[in-house]
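Subject: Structure for you to look at, with notes

Dear colleague,

I am handing over the structure below, together with notes on what was found in it.

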Amino acid sequence: MATTTTFDRTRLSRAPRVRSLRLGELRITHIPDGVVRLKPYGWLPAATAADWATYRDHLDDDGLLVAGIGGLLVERGDRALLIDTGFGPESHPDDPANPLLGRLYGGELLDNLRHLGRAPEQVEAVAITHLHSDHLGWTWSTAPGEDAPPFAHAAHLLAAPEWERRDLADEPRLAVMEPRVRTIEDGEEIFPGVHASLSSPPGTAAAWSRN
């Protein structure tokens with residue numbers, strides 16, 4: 001585990017690592033689950049070849065943007081909250097017809113949690129920023145040899161407007177997490193020192209703030 005102090009530009013083009021920072025009594029750790037490679041001209045169509053020549057360090061060896069997928073572990077003493085759960089143990093190959101996405105894979109989040117000494121059952125709640133599959137993977141996926149998702153014991157916290165418009169997500173697997181969902185309101189404290197900030201419309205994202 002690394003504690004971030006200075007910016008390392010090589011991080012722009014490789015898969016993210018476990019990294020932590022301290023905010024008062026909270027320790028916040030990025031827990032990688034996987035990576036999606038993004039096609040730069042699809043995401044940024046106004047950018048030119050000259051632009052990407054100038055910012056070549058933002059691209060990997062295949063000329064793609066590397067975007068990490070994972071969650072944030074918020075710890076206060078023995079207590080823990082997980083914000084988002086990654087993509088889960090799935091992998092999608094590059095589709096040349098897709099102008100935005102290259103290869104996408106997940107599955108590393110549980111191992112990274114355990115390397116920090118934190119078992120899934122030690123996470124008391126899961127907060128979901130929004131209902132996209134790369135934020136929800138371990139809410140419905142099971143680890144090998146298990147018969148329930150790893151966070152099935154925990155409340156799943158979602159902004160009330162986001163959950164009310166879950167039809168926009170067009171994701172049948174949401175039914176797996178539905179019994180555990182608890183909707184939350186703007187400003188609600190969801191974990192000691194962490195409050196919900198629901199400033200975004202349904203289908204985009206909620207934010208979590210420390211007060």
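Leu 100 is partly exposed, with a relative accessible area of 33%, where buried means under 20%, exposed over 50% and partly exposed in between, computed with a 1.4 Å probe on protein chains only. Leu 100 sits in the loop between strand S6 (91-92) and strand S7 (101-105); helices (H or I, at least four residues) and strands (E, at least two) are DSSP runs numbered from the N terminus. Together with Trp 43, Leu 44 and Leu 101, Leu 100 forms a nonpolar patch on the surface, with about 330 Å² of accessible area in total. Such patches are made of residues with over 30% relative accessible area and no salt bridge, like charges being joined within 9 Å and nonpolar side chains (Val, Leu, Ile, Met, Phe, Trp, Tyr) within 5 Å, and the areas come from the Shrake-Rupley method with a 1.4 Å probe, only the protein chains shown counting as cover for residues.

Before going further, please keep in mind that this is a predicted model, in which local features need pLDDT of at least 70 and side-chain atom pairs count only at pLDDT 80 or more, while totals for chains, interfaces and linings use all residues. Residues are numbered from 1 along each chain as its sequence is written, and side-chain values use heavy atoms, with hydrogens and water left out.

Two or more lining residues come from each of S3, S4, S7 and helix H4 (133-140), with S4 giving the largest share, 6 residues.

The structure holds 14 salt bridges, each a side-chain nitrogen of Lys or Arg within 4 Å of a carboxyl oxygen of Asp or Glu. One of them pairs Arg 76 with Glu 25 (2.8 Å, N to O); Arg 76 lies in strand S4 (residues 65-76) and Glu 25 in the loop between S2 and strand S3 (26-38), so this pair ties together parts that are 51 residues apart in sequence. Arg 76 is partly exposed at 29%, whereas Glu 25 is exposed at 53%. Another joins the side chains of Glu 75 and Arg 118 (2.8 Å, N to O), and because Glu 75 lies in S4 and Arg 118 in the loop between helix H3 (109-115) and strand S8 (125-127), it links parts 43 residues apart in sequence. Glu 75 is buried at 8%, and Arg 118 is buried at 8%.

Finally, Ser 20, in strand S2 (residues 19-23), is buried at 4% relative accessibility, and its side chain makes a polar contact with that of Thr 29 (2.5 Å), meaning a pair of N or O atoms within 3.5 Å, one able to donate a hydrogen and the other to accept it, with residues adjacent in sequence counting only if both atoms are side-chain atoms.

With best wishes
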